[in-house]
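Here is a short tour of one protein chain, written for someone who likes to know the cut-offs behind each value. Please take a look at the sequence and the model before reading on.

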Amino acid sequence: KAMKFRDGYLISTGEPKKHYIDEAVRHVLMRQGVLGIKVKIMLAHDPEGRMGPKIQLPDNVIVHEPKEDLPVMQPADQGATGGYEGE
């Protein structure tokens, strides 16, 4: 019989899992048998890299302010030939 307890956001696949997930497994020998415990903890992003990974998650989206639009320039008049000189 297995019991699972989850809370919050936990990534489970890809390259960020190697950096952000800290795992531990312990086996406890009891009179009635063996009890196994698995723990996974997701570390928080730390820009200095002291208490967590330095790299950001790839799904972190940064929205920049839009650039000012430049006025659209009309192309020069090509004449009646449509821009081809050999006609």
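The report below goes through the fold, a salt bridge, a surface patch and a pocket.

## Ground rules

This is a predicted model, so local features need pLDDT of at least 70 and side-chain atom pairs count only at pLDDT 80 or more, while totals for chains, interfaces and linings use all residues. Residues are numbered from 1 along each chain as its sequence is written, and side-chain values use heavy atoms, with hydrogens and water left out.

## Overall layout

Helices (H or I, at least four residues) and strands (E, at least two) are DSSP runs, numbered from the N terminus.

Of the 87 residues in the chain, 9% are buried. Buried stands for under 20% relative accessible area, exposed for over 50%, and partly exposed for values in between (1.4 Å probe, protein chains only).

## A salt bridge in the helix

The count of salt bridges is one, taking a side-chain nitrogen of Lys or Arg within 4 Å of a carboxyl oxygen of Asp or Glu. Its partners are K18 and E15, with 3.6 Å from N to O. Both sit in helix α1 (residues 15–20), and because they are three residues apart, about one helical turn separates them.

How exposed are the two partners? K18 is exposed at 64% relative accessible area, and E15 is partly exposed at 46%.

## A nonpolar patch

On the surface, V28, M30, L35, I37, V39 and I41 form a nonpolar patch with about 500 Å² of accessible area together. Patch members have over 30% relative accessible area and no salt bridge; nonpolar side chains (Val, Leu, Ile, Met, Phe, Trp, Tyr) are joined within 5 Å, and like charges within 9 Å. The areas come from the Shrake-Rupley method with a 1.4 Å probe, and for residues only the protein chains shown count as cover.

Strands β1 (21–30) and β2 (33–42) each supply at least two patch residues, with β2 giving the largest share, four. V28 belongs to β1 and is partly exposed, because its relative accessibility is 36%.

## The largest pocket

The largest pocket has a volume of about 660 Å³. Its lining counts 21 residues, of which K4, F5, R6, K38 and K40 are closest to the centre. A pocket here is an open set of points on a 1 Å grid over the protein atoms alone, where a 1.4 Å probe fits, with protein on both sides within 12 Å along at least five of seven lines; lining residues have an atom within 4 Å of a point. The volume is the space filled by probe spheres set on the points, which are joined across faces, edges and corners.

Strand β2 gives the most to this lining, with seven residues.
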